Amino acid sequence: MADGRRFCEPDYRATAGEFVRHVAAQWGDRELAVLGDERLTFADCERRSAELARALLASGVGAGTHVGLLAPNRPDWIIAFLAATRIGALVPLLNTYYKPRELTWVLEHSDVEVLLTVDHHLGHDYTERLESIAPGLADQPHGHIHVDSHPALRTVWMWGDRPPSWAGSVDELLARADEVGEDDLLEAEARVRPHDAMLVIYTSGSTSEPKGVVHSHGGVIRHPYN
């Protein structure tokens, strides 16, 4: 009890999968996000994040996989975040303004295995930046990355027209969605529990190295619900 208000549990299980299905059922045709001429409704978000979630499952991502997300605030970010978390992946959130030193530290510290990234944003070239912080990356094959600086990193998927040879396009990833059925997605979602880790937010690191703060599905969903 706080300020006379009672804490309430949502009437659905506090996990990303249950959450996105609930909001799509409640407010399907309402706009969730608007960016220029692009409109994303709650139903669109559920459908598109489910498609990407099935594609991620087909590519080997599952519960506990560390999926880094390096993208600006836009509908694709929302879809990717929900797609990864609804199947139990842990998502470290990467700031698009990270300089090379910050980006390399957070990528290594959070053991990112799969990276979803834009190719560029506001003058930042992430192909160039990633190659600069991961010596040897430019010579690696897509899906089988092995670099000493970031030993956990295996796969990079990129939004953009021409990803480098070591990255696949998100469109290529989405093409794999048909390899996994809706029942398989539902089964993956059912294994996710409210106390499971959902995301990692890093502090600014202005006076020391950034600190990674881990948040659970239950914490992320129950707090804004109340």
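This is a predicted model: local features need pLDDT of at least 70, side-chain atom pairs count only at pLDDT 80 or more; totals for chains, interfaces and linings use all residues.
**The open sheet**
- Seven strands make up an open sheet with mixed pairing, and their order is β9-β8-β5-β3-β4-β10-β11.
- The strands at the edges are β9 (168–169) and β11 (212–216), each of which pairs on one side only.
- Between β10 and β11 there are five bridges, and the two strands pair in the antiparallel sense.

**The hairpin**
- Strand β1 (residues 31–35) runs antiparallel to strand β2 (residues 38–41), and four bridges join them.
- Within this pair, Glu31 stands opposite Thr41 in β2.
- Two residues lie between β1 and β2 in the hairpin that they form, and Gly36 in the turn has a positive phi of about 60 degrees.

**Helix α7**
- Leu185, Ala188 and Glu189 are buried in helix α7, which spans residues 182–190.
- These residues lie on the same side of α7 because they cover an arc of only 100 degrees around the axis.
- An α-helix has 3.6 residues a turn, so residues three or four places apart point the same way.
- Exposed residues Asp183 and Ala190 are carried on the face of α7 that is turned away from its buried side.
- Among the elements that cover the buried residues of α7 are α1 (16–27), α2 (42–58) and α3 (75–86).

**Asp196 in its loop**
- Asp196 is found in the loop between α7 and β10.
- Asp196 counts as buried because its relative accessible area is 18%, and the cut-off for buried is under 20%.
- Leaving aside residues up to four places away in sequence, Asp196 touches Arg191, Ser216 and His217.

**The largest pocket**
- The largest pocket has a volume of about 290 Å³, and 16 residues line this pocket, with Leu93, Leu94, Asn95, Thr96 and Tyr97 lying nearest its centre.
- Two or more residues of the lining come from each of β4 (91–94) and β10 (197–202).
- Sorted by class, the lining of the largest pocket holds nine nonpolar, six polar and one charged residues.

Key. Residues are numbered from 1 along each chain as its sequence is written. Side-chain values use heavy atoms; hydrogens and water are left out. On a 1 Å grid over the protein atoms alone, a cavity is a set of points where a 1.4 Å probe fits but cannot get out, and a pocket is an open set with protein on both sides within 12 Å along at least five of seven lines; lining residues have an atom within 4 Å of a point. Grid points are joined across faces, edges and corners, and a volume is the space filled by probe spheres set on the points. Ala, Val, Leu, Ile, Met, Phe, Trp, Tyr, Cys and Pro count as nonpolar, Asp, Glu, Lys and Arg as charged, and the others, Gly among them, as polar. Two strands pair if DSSP finds at least two bridges between them. Buried means under 20% relative accessible area, exposed over 50%, partly exposed in between (1.4 Å probe, protein chains only). The arc is that of the directions from the helix axis to the C-beta atoms. Contact means heavy atoms within 4.5 Å.
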